[in-house]
Amino acid sequence: MSGLLRYKEVAERLSISENQVYVLKATGKLPFVKIGRSTRFDEQDIADFIRRRKRRIE
């Protein structure tokens with residue numbers, strides 16, 4: 001099983017601000033897990049998010 005990340009960790013991996021992570025979550029672009037009142041992000045979902053946005057120049 002993949003690890004679960006907090007907002008700060010996701011922001012660091014994506015090289016964006018924590019506020020932008022909140023926006024991606026709120027717009028449904030970034031899957032998340034609710035555990036009680038806490039929000040976490042699955043490492044595999046973050047890797048998939050990055051993979052979907054890769055662009056190749058041919």
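Predicted model: local features only at pLDDT ≥ 70, side-chain atom pairs only at ≥ 80, totals over all residues.
Residues are numbered from 1 along each chain as its sequence is written, and side-chain values use heavy atoms, with hydrogens and water left out.

**Whole chain**

From the N terminus on, the elements run β-α-α-β-β-α. The C-alpha atoms fill a box of roughly 45 × 25 × 20 Å along the principal axes. Of the contacts (heavy atoms within 4.5 Å) with a separation of 6 or more, 47% are between residues 24 or more positions apart.

**The sheet**

Select the strands next. They form an open sheet of three, in the order β1-β3-β2, with antiparallel pairing; two strands pair if DSSP finds at least two bridges between them. β1 (4–5) and β2 (33–35) are the edge strands, each pairing on one side only. Now show β2 with β3 (residues 38–42): three bridges join these antiparallel strands. Which residue of β3 is the bridge partner of isoleucine 35? It is serine 38.

**The aromatic residues**

Select Tyr7, Tyr22 and Phe41, which form one aromatic cluster. Two aromatic pairs are counted, under a rule that takes rings of Phe, Tyr and Trp (its six-membered ring) with centres within 6.5 Å, and calls planes under 30 degrees apart stacked, over 60 edge-to-face and the rest tilted.

The ring centres of tyrosine 7 and tyrosine 22 are 4.0 Å apart and the planes are at 10°, so this pair is stacked. Tyrosine 7 is in helix α1 (residues 7–14) and tyrosine 22 in helix α2 (residues 18–26), 15 residues apart. Are these two tyrosines buried or exposed? Tyrosine 7 is buried, at 12% relative accessibility, whereas tyrosine 22 is partly exposed, at 41%. Buried means under 20% relative accessible area, exposed over 50%, and partly exposed in between (1.4 Å probe, protein chains only).

Turn to tyrosine 7 and phenylalanine 41: their ring centres are 5.1 Å apart and their planes at 75°, so the pair is edge-to-face. This pair links helix α1 to strand β3, across 34 residues. Both tyrosine 7 and phenylalanine 41 are buried.

**The nonpolar core**

Show the side chains of Leu5, Tyr7, Val10, Ala11, Leu14, Val21, Leu24, Leu30, Phe41, Ile46 and Phe49. These eleven residues make up the largest nonpolar core, a set of buried Ala, Val, Leu, Ile, Met, Phe, Trp, Tyr and Cys residues joined through side-chain atoms within 4.5 Å. The elements giving two or more residues to this core are α1, α2 and α3, and α1 has the largest share, four residues.

Centre on phenylalanine 49. Leaving aside residues up to four places away in sequence, phenylalanine 49 touches Leu14, Leu24, Lys29 and Leu30. Across the protein chain, buried residues make up 24% of the 58 residues.

**Last stop**

Select lysine 25 and phenylalanine 32. Lysine 25 lies over the face of phenylalanine 32, at 4.7 Å from the ring centre; the rule asks for NZ of Lys or CZ of Arg within 6 Å of the ring centre and within 35 degrees of the ring normal.
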